[in-house]
Each structure stands twice: as C-alpha cells, then as structure tokens.
Amino acid sequence: MGKVQVKAAVFYRPHEPLAVQELELEGPRAGEVLVRIAACGVCHSDLHFIDGLVPIASPSVLGHEAAGVVEAVGAGVASVQPGDHVVLSFIPSCGRCQYCVVGRPNLCTIGNRAMSRGTMLDGTPRFAREGRPVYQMGSIGGFASYTVVPEAGCVKIRGDMPLDRAALLGCGVMTGVGAVINTARVQAGSDVAVVGCGGVGLNVVQGAALAGAGRIIAIDVLAHKLELARQFGATHTVDASREDPVEAVRRISPGGVDYAFEVIGRPETVRQAFDMARRGGLTVVVGVPPAGAEVSLPAGAFLTEKTITGSAYGGARMPVDVPRLVELYMSGRLKLDELISRVYPLEGINDAFDALRRGEVARSIVTPL
Ligand code: PAD
Ligand code: ZN
C-alpha cells in the first residue's frame, strides 16, 4: 500500500500552538495496522510537552488516547482485520521480554522504548512531512485522521461500543481505574484519598467505587471538579484551595487513609498524598512530574511500613483490561459519557489544550474527521 495524505496536529516546540497540517502517512509494514481515528482524548500528558515540562521527539503528532477503525493491515497481522473497531495502546507490549513474561506488560522493554521514541517497534515513525520524519506520541499520534500503529498497540473491541467513549479507555480510564484495581488492588471497605480530580483522577475515584472502597475522599482546588468527583463516587470532598488537605483527610479518615493516589504530577502533592496515608498505608503516584523533579519524604515514616509506588498506565494488560472496561460501560457500571465535557474538531486542538490548562474540562475529545 502506498502513502496516504492525512491531517494531523503537529508539535514542533514547547510554548507554541500545535500546527494542523497535511502529512504523508506510509502504509503499514509487517506487523502494523492502519487505523482511521474516530476520536482522541486530550490528556494532560500531551500538555506537559506543550508546556515544556517533559521532553519529546520533534516534530511529533501528539495524542495517545484514541480509538478507531482498522482500514488495512500489514503482513503477518493476525489479531485484527479491516473493519474491526480498536482501542489503541501507547505501550505496544512485545509479549516476549522479561516484563511481559512475568505479567507486567506495561513495563515492556520494547514497548516503552517505542513509546518514548515516538516510533513503531523498528524505531521509525510512519508520518513524514516533505520527506522528513514526524514522530508519533506513544507510538500512536492520535490527533490525526489516520495513523499506523503496531499490531501490539491495537485491542479489538465489540462493534456496538461507541468509539468516542472507547477512546477514553486508551489512557485516562485505563490509567485511573487500573491504578486502583491493578496497581493498588484496593480492598473493599478500605479508605481512599485521590489528590487531583481531572480526567485521570476522576477515574481513580470511580475505580475506588468499583472496588467497593469505604470512604472515597476527593481533593482538588476547583469546586466543579469536586462536584464531578461526587458523581463518580466520592463520599467526601476537600477543597485544597481553602483548607490543608492533609489535615482534612486525616480528620475524615482518622489516622489517615489506606490508599492515597496522587494524580497531578507535582512533588508537593506527592508529599501530601504520602502524608495522608495511614501507618502501613500505600501511596500511588499516577501523575507525571516535570523532568528532573525530586520528591522529599520523611524517612522516619518508613518505620511505620508505609509504601509508595508509581503506576504506569494503570498496570495495564490491555487485551484483558480494555474488553473488561467495555463490558462495565455497556452494562452501565462505568461512567464514560459524563467524562466527555467537550468535543473539538482537529482545528480546535489548541483551544482544547487551553481549556485543559485552565481546568475547565473533565476530558475533551478531538474528532479528526
Ligand atoms: P487534568 O489537568 O485533567 O487534572 C489535574 C487536576 O489536578 C485538575 O482537576 C486540577 O484542578 C487539579 N489540581 C491542580 N493542582 C492541584 C493541587 N495543588 N491540589 C489538588 N488538585 C490540584 O490532568 P489529567 O487528569 O489528564 O492528568 C493528571 C496527571 O496524570 C498528569 O500529570 C498526567 O501526565 C498523568 C498521567 N499519568 C499516566 C500514567 O501512566 N502514570 C497516564 C496518563 C496521565
Ligand atoms: Zn494520557
């Protein structure tokens, strides 16, 4: 298959709007899949690049929370065929490295290398402009009318699942619900605090509700985020712009919570989450901090057997977790409709990022075609 012309939102350098441009897209090579993007969510991880907090290969098509329809497949592709509906994975796990073999595919050596380079598994991207390579955020590049992804980066879903809702499973929902269920394995009846209730944090809240947590304490600095958190299952809310969130949480859940989640990506709020956890409690850092940031913790607290861990992609095992999340949505137990605050055309992408930066939305989606 030859090259196709696509429209995409391209990042060139920080603090500049993305450029909506025509690019050439090379057809899928062996083990790759051409996907028409139905929708791509606007995640704060993309905004970190635009705001210059985290580096990325340039130029790059951003967007890593996408779903669409398979248009063509390269040689040897067996798990999907043209016409299939798919959710895209930004860590295309190889299935064979030491991490994949022990059941931690979100830490896959090859998938993480491709993701951080913004390429396919062979180290090259499929987008180009005037013959020069254009990289693909998370091996996806979802802010485009079409993209090519590794077969390992596609998960087939049932055809009656709405694709705009399905897109959210590709990052925010998987990351948030997965942090609760896969990473923390929250026990029914236990108390949970969630610091930061944006697109990902709201999914930590609903993951805690799904897991049967007791008190679910949502913390944010914006009142409308706290209202949303109540809709997603929070039993208590704390406005951190009005009171000390650590004191408030320790008052609501005496001694601290069993599990504290940080879902912003700031050293100060990581520390707050850690201080909210009780003796023996677990702190899970979901937020992506600025490059080079360090976190300071009270060393004495380790004597109380407190634990702190990161959570990458919600510990995703995409071929297992995505169909489960689809079933939960289709049976009315997972909220996705309520997450979509706004829908933008590709040309509105910079407005979508401005709205995210101002905290106006739970999630926006872009529909590129
Ligand atoms: P978002 O901007 O939608 O949400 C952030 C929320 O934090 C907003 O509601 C803010 O109002 C709130 N907030 C800001 N400052 C404070 C504060 N001091 N105290 C309390 N609340 C505050 O972002 P998002 O939900 O799309 O992403 C959140 C983070 O998660 C971000 O760092 C992103 O890069 C990261 C992420 N991590 C993974 C992963 O694999 N670990 C995946 C996807 C996103
Ligand atoms: Zn994301």
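**Reading the features**

Tutor: Ile-157 is buried, because its relative accessible area is 6%. Buried means under 20% relative accessible area, exposed over 50%, and partly exposed in between, with a 1.4 Å probe and protein chains only. This is a predicted model: local features need pLDDT of at least 70, side-chain atom pairs count only at pLDDT 80 or more, and totals for chains, interfaces and linings use all residues. Residues are numbered from 1 along each chain as its sequence is written, chains are lettered from A and ligands numbered from 1 in the order in which they are written, and side-chain values use heavy atoms, leaving out hydrogens and water.

Student: Where is the place of Ile-157?

Tutor: Ile-157 is in strand β10 (residues 154-157). Helices (H or I, at least four residues) and strands (E, at least two) are DSSP runs, numbered from the N terminus.

Student: Leaving aside neighbours within four places in sequence, which residues is Ile-157 in contact with?

Tutor: Contact means heavy atoms within 4.5 Å. With those neighbours within four places set aside, Ile-157 is in contact with His-85, Val-86, Val-87, Leu-163, Ala-166, Val-322 and Val-326. Take Val-86: it is 71 residues from Ile-157 in sequence, yet 5.6 Å away in space, C-alpha to C-alpha.

Student: How do I read a nonpolar core?

Tutor: Start with the general idea. In soluble globular proteins, nonpolar side chains tend to be buried together. A nonpolar core is a set of buried Ala, Val, Leu, Ile, Met, Phe, Trp, Tyr and Cys residues joined through side-chain atoms within 4.5 Å. Here the largest has 92 residues, and Phe-143, Leu-169 and Phe-261 have the most contacts inside it. A second, separate core has 14 residues, including Val-246 and Ala-273.

Student: Which residues coordinate the zinc ion (ligand 2)?

Tutor: Donors are N, O and S atoms within 2.8 Å of the metal (3.2 Å for Na, K and Ca); water is not among the atoms, so sites may look incomplete. Here the zinc ion (ligand 2) is coordinated by Cys-43 (SG), His-64 (NE2) and Cys-171 (SG), at 1.9 to 2.3 Å. The spacing of these donor residues in sequence is C-x20-H-x106-C. Cys-43 lies in the loop between β3 (32-41) and α1 (44-50), and His-64 in the loop between β4 (60-61) and β5 (66-73), so the pair ties together parts 21 residues apart in sequence.

Student: Is Cys-43 buried or exposed?

Tutor: Cys-43 counts as buried, because its relative accessibility is 2%. His-64 is buried too, at 1%.

Student: How many aromatic pairs are there?

Tutor: Rings of Phe, Tyr and Trp (its six-membered ring) pair if their centres lie within 6.5 Å; planes under 30 degrees apart count as stacked, over 60 as edge-to-face and the rest as tilted. By this rule there are three aromatic pairs. In one of them, Phe-143 and Phe-353 have ring centres 6.0 Å apart and planes at 90°, so the pair is edge-to-face. Phe-143 lies in the loop between β8 (132-136) and β9 (146-150) and Phe-353 in helix α11 (residues 349-357), so parts 210 residues apart in sequence are tied together.

Student: What about Phe-274 and Phe-302?

Tutor: Their ring centres are 6.1 Å apart and their planes at 55°, so that pair is tilted. Phe-274 is buried at 1% relative accessibility. Phe-302 is partly exposed, at 42%.
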